[in-house]
Amino acid sequence: METLLSQLFAGLSLGSVLLLAALGLALTFGQMGVINMAHGEFMMAGAYTAFVIQGLLGDPGASLLVSLPLGFLVGGALGLLLEATLIHRMYRRPLDTLLVTWGVALVLQQVARDVFGAPNVDVAAPGWLSGAVTVGGLALPKTRLFILALAVVCIVALALVLRATPLGRRIRAVVQHRDLAEASGISSRATDRLTFFIGSGLAGVAGVALTLLGSVGPTLGTSYIVDAFLVVVAGGIGQIKGTVIAATALGLLQSFFEFSTTASVAKVLVFVVIVAFLQVRPQGLVSVRTRSLA
Amino acid sequence: MTGRTSTLTARLAVLARPGRARALAGFGLAAVLLMAVAPVLLSPFRLGLLGKFLCLAMVAVGIGLAWGRGGLLTLGQGVYFGLGAYLMAMHLKLADAGPGGVPDFMLLYGTGEVPGWWEPLRSPVVALALVVLVPAALAAVLGWAVFTRRVRGAYFAILSQALAAAFAILLIGQQQTTGGTNGLNGFRSFFGYDLADPVNQRMLYLIAAGVLIVMVVVARQLMVSRFGEVLVAVRDQEDRVRFLGYDPAAVKTAVYVVAAVMAAVGGALFVPIVGIISPADVGVVPSIGFLVGVAIGGRATLLGPVLGSVAVSWAQTTMSEQFPSGWIYLQGALFILVVAFLPGGLASLRTTLRRRRRPAREEEPGAPAPVSSDGPPAADLLPEGSRA
Amino acid sequence: MTTPEIDLAAADALLGDDTARFRHDYLEVRGLRVEFGGFVAVRDVDLTVTQGDLRFLIGPNGAGKTTLIDAVTGLVRAAAGSARFGGTELLGRATHRVARAGVGRTFQTASVFEELTVLQNLDIAAGARRGPATMLRRRRATPDAVEQAMETVGLTALRDVPAGVLAHGQKQWLEIGMLLVQDAHLLLLDEPVAGMTQAEREETGELLRRVGSQRVVVVVEHDMEFLRSYADSVTVMHQGRVLAEGTVAEVQQDPAVVEVYLGAPAGEPATATEGPA
């Protein structure tokens with residue numbers, strides 16, 4: 001029973017990390033159809049932001065609180081730059097966008113290597129996040145709980161933005177019918193940029209959060225990007241709900257497979273499960289049925 | 001103008017098109033350079049490097065078919081390259097260990113016993129067959145599974161990439177039986193021939209060059225055949241092809257299997273020529289790396305992928321010796337610039353420039369008329385009288 | 001180069017003469033229902049079209065005409081009902097199997113393979129039953145059917161031209177030619193004359209009439225003049241149902257049709273000219 005609960009918690013925790021990584025992608029890939037391979041590098045940029053801020057401020061607690069919004073801005077700014085220089089030319093060529101952003105990812109990794117050095121660096125967690133909370137004989141690390149909470153906050157915030165703000169309405173309008181939205185006076189350019197800003201900003205936040213779990217290196221993003229994309233694909237396009245469910249499910253699966261086999265076999269099994277799942281539901285978990293061909 | 005004469009002139013025009021003769025001459029010249037000139041001029045070390053590049057170019061030929069012609073952006077060719085390479089490497093390790101022997105690394109990290117699934121690879125015939133059959137079977141099963149369910153475009157790309165990630169992680173995790181991060185290396189002989197002997201090394205190079213030439217010929221046949229035409233049709237309008245009675249999944253699976261086999265053969269020859277195969281050669285990053293050369297050379301052309309791939313491999317080797325970080329910037333920049341601004345690759349440079357220079361594009365004779373909207377039903381269906 | 005013209009003699013050669021074979025095909029749709037996430041796009045549709053009866057399918061936007069074709073050809077899944085052609089149930093089959101059962105269709109926007117030539121387009125359409133050995137070889141000679149189809153739709157002179165540069169009307173003719181070489185015995189044409197010139201419409205109409213005498217043909221069309229000139233019979237759809245069916249004259253007199261098209265009961269003054277979307 002206890003092992004089951006601890007596996008459950010490990011799975012949820014992994015799911016929340018995946019969710020943080022995938023949430024921004026769900027927005028840029030799911031809503032805009034842009035495959036941004038540099039998303040992982042935006043996460044890395046967020047993580048290095050936390051590292052720099054801690055160097056400046058010293059106090060881990062204060063720097064974490066400063067880094068979270070700042071990481072959002074750094075990731076968002078990078079995303080904005082990428083959208084404005086390259087991606088906006090390529091909305092009709094999604095596969096080429098994938099390759100171009102992979103090139104961007106390579107460059108960003110090397111920039112990180114040249115600026116911060118190839119070896120990993122560490123960001124100290126604040127004192128109030130050290131240790132664990134014990135619930136029913138189960139020790140839950142506070143950092144993991146913090147990330148879980150952060151993921152929930154991000155989902156709620158994103159859902160609020162999409163549902164309740166004029167920006168959200170514009171995003172949804174452009175997603176559903178670009179030409180019609182433009183005809184009714186919505187600037188799809190401005191909306192695209194804002195969407196991309198928010199999506200990339202979420203990557204930055206995810207990067208800051210990851211500093212609580214381990215050290216920071218130039219290839220931090222690469223290790224998450226594949227999983228994050230799988231989450232979005234399995235979750236289905238255009239619905240944040242699907243992403244949330246898929247991230248949780250994949251986290252739990254990975255954790256339980258790991259428990260019964262090894263980490264590497266678990267990875268392969270998760271992949272097999274996803275391919276099998278797409279056999280049943282090629283559109284992912286949550287999808288809207290339309291009569292369009294595409 | 002009657003149909004028959006116009007057909008004839010059109011046929012003649014195709015025959016006399018300078019491109020075809022020039023392409024044939026270029027292909028012949030390249031074959032002579034590879035098979036006769038390079039082995040004489042290059043030092044054994046350089047020849048080995050070129051051999052390695054040719055193995056990587058085999059992967060590129062397959063990618064050119066699958067991606068350029070078939071529209072399948074496969075980001076996981078490292079898996080098939082790796083399968084071919086590891087199967088070959090396992091055979092070489094077993095052969096080096098002698099009948100009933102145990103490969104050195106297993107004595108070091110493993111139980112000191114050869115796992116059951118290694119045993120069939122002791123036979124050279126079985127090993128050669130498996131090098132082709134295992135990747136082909138995996139590609140067939142996986143391709144059929146995803147293509148029949150119409151997983152395509154970006155989704156296919158992401159799945160293929162996840163496959164590469166899973167494969168590399170699996171290899172690293174099974175150190176006792178796959179060599180883990182170190183991979184498999186230290187091969188002494190190749191089907192009984194001493195690998196340290198320069199004569200045998202040259203023979204290996206010639207085999208690689210010959211195999212690559214055969215692959216290019218196969219790729220060409222596939223491109224000009226009816227299959228090649230249907231493949232392009234599937235790439236551009238998959239649904240339309242379906243309504244003509246073809247199953248696009250079968251077409252795509254076929255080309256995916258061909259690409260996988262080409263990658264696997266490249267991997268199998270890579271092993272004796274380079275002397276090592278490790279997860280670093282097969283994971284996510286090298287798998288995408290295979291695409292750079294293809295994109296630069298021209299993904300939909302016959303020789304573009306080969307030339308692009310060899311050029312990129314050469315640039316990588318030369319540059320990373322002197323400026324390791326410079327190469328990464330260059331690779332990134334090439335990806336960005338070529339794919340974003342020259343999607344047809346260098347092969348399309350001339351036409352792209354010509355189009356740029358003449359920006360006032362003359363109205364094409366057959367410019368499509370604006371498509372009429374799903375217009376309102378005309379009220380004039382009704383007899384005149386009822387409209388009052 | 002001369003303006004391409006429809007060649008009816010070539011069409012006859014291609015279509016063959018079915019009276020000799022005593023073949024009489026028909027499409028029989030019964031109780032067809034299609035839903036999109038709760039929205040019922042087509043409900044309880046019955047439709048019978050026989051060979052020699054050039055059937056037009058009309059109705060306001062959203063009436064379910066294209067969805068009906070989509071369902072018959074396997075593009076969307078039907079929730080209920082059946083659609084039989086030549087003794088074969090079409091519903092539930094994969095699209096390419098529906099096509100192999102002799103069903104061909106065109107789309108609202110002409111969809112041809114733009115990078116391939118006219119000849120290649122037609123050759124692909126003719127070749128779904130080719131075996132691997134033929135597929136892997138290069139095309140040496142042009143198959144007779146392809147040659148005749150090119151003559152039929154007047155594109156012989158443009159055989160080596162990429163389909164992408166054809167004029168709009170020519171693309172639509174090419175699509176019809178593809179249906180003919182595909183050897184489809186049930187042809188579902190979605191707005192085949194949209195965007196065509198008057199002369200092109202007339203030629204297309206004559207060709208469809210010729211095809212309709214030997215094949216089962218259903219045409220979705222908004223052009224009422226075209227309909228009056230060439231339709232043997234008309235089925236009117238509205239809000240997913242069949243509203244009326246009969247000859248052009250019969251349908252025009254139908255009070256329900258009048259109401260839908262004018263938004264008011266027959267006889268009363270009305271201003272609306274557009275049906276409900």
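Author: Two strands pair if DSSP finds at least two bridges between them, and helices (H or I, at least four residues) and strands (E, at least two) are DSSP runs, numbered from the N terminus. This is a predicted model, in which local features need pLDDT of at least 70 and side-chain atom pairs count only at pLDDT 80 or more, while totals for chains, interfaces and linings use all residues. Residues are numbered from 1 along each chain as its sequence is written, and chains are lettered from A and ligands numbered from 1 in the order in which they are written.

Reader: What is the order of the six strands in the open sheet of chain C?

Author: Chain C comes to twelve helices and ten strands. Six of the strands form an open sheet with mixed pairing, and the twist averages 20° from one strand to the next (angles run from 0 to 180 degrees between N-to-C directions, with axes fitted to C-alpha atoms, for helices over the stretch in contact). The order of this sheet is 6-7-8-3-9-10.

Reader: Which residue is the bridge partner of Phe56(C) in strand 8?

Author: Strand 3 (residues 55-58) and strand 8 (residues 216-220) of chain C pair in the parallel sense over three bridges. In strand 8, Phe56(C) has as its bridge partner Val219(C).

Reader: What angle does the direction of helix 3 make with that of strand 7 in chain C?

Author: Helix 3 (residues 65-72) of chain C packs on the sheet and touches several strands, including strand 3, strand 8 and strand 9 (233-238) (residues are in contact if their C-beta atoms, placed from the backbone, lie within 7 Å). Strand 7 (186-190) is also one of those it touches, and the two directions make about 145°.

Reader: In what order do the four strands of the other open sheet of chain C come?

Author: In this sheet the pairing is antiparallel. Strand 2 (39-50) and strand 5 (88-89) of chain C are its edge strands, each pairing on one side only. The order is 2-1-4-5.

Reader: How many bridges join strand 1 of chain C to strand 4?

Author: Strand 1 (residues 26-36) of chain C pairs antiparallel with strand 2 over eight bridges, and there Leu27(C) stands opposite Val49(C). Strand 1 also runs antiparallel to strand 4 (residues 80-85), where Arg30(C) has Ser82(C) as its bridge partner. The bridges between strand 1 and strand 4 number five.

Reader: Which residue in the turn between strand 4 and strand 5 of chain C has a positive phi?

Author: Two bridges join these antiparallel strands, with Arg84(C) opposite Glu89(C). They form a hairpin with two residues between them. The turn residue with a positive phi, of about 55°, is Gly86(C).

Reader: What radius of gyration does chain C have?

Author: The C-alpha trace of chain C spans about 65 × 40 × 40 Å along its principal axes. For 277 residues, a compact globule would come near 19 Å (the radius is taken over C-alpha atoms, and the rule is 2.2 Å times the number of residues to the power 0.38). Chain C agrees with that expectation, with 19 Å.

Reader: Why does Ile207(B) count as partly exposed?

Author: Ile207(B) lies in helix 9 (residues 198-224) of chain B. A residue is buried with 20 or more other C-beta atoms within 10 Å of its own, exposed with 12 or fewer, and partly exposed in between; C-beta atoms are placed from the backbone. Ile207(B) counts as partly exposed because its C-beta neighbours inside 10 Å number 16.

Reader: How far apart are the end C-alpha atoms of residues 6-30 of chain A?

Author: An unreviewed UniProt entry gives the feature "transmembrane region" for several spans of chain A, among them residues 6-30; such annotations may be inferred rather than shown by experiment, feature names are shortened, and positions are given in the numbering used here. In the model, residues 6-30 of chain A are 100% helix and 0% strand. Their end C-alpha atoms are apart by 32 Å.
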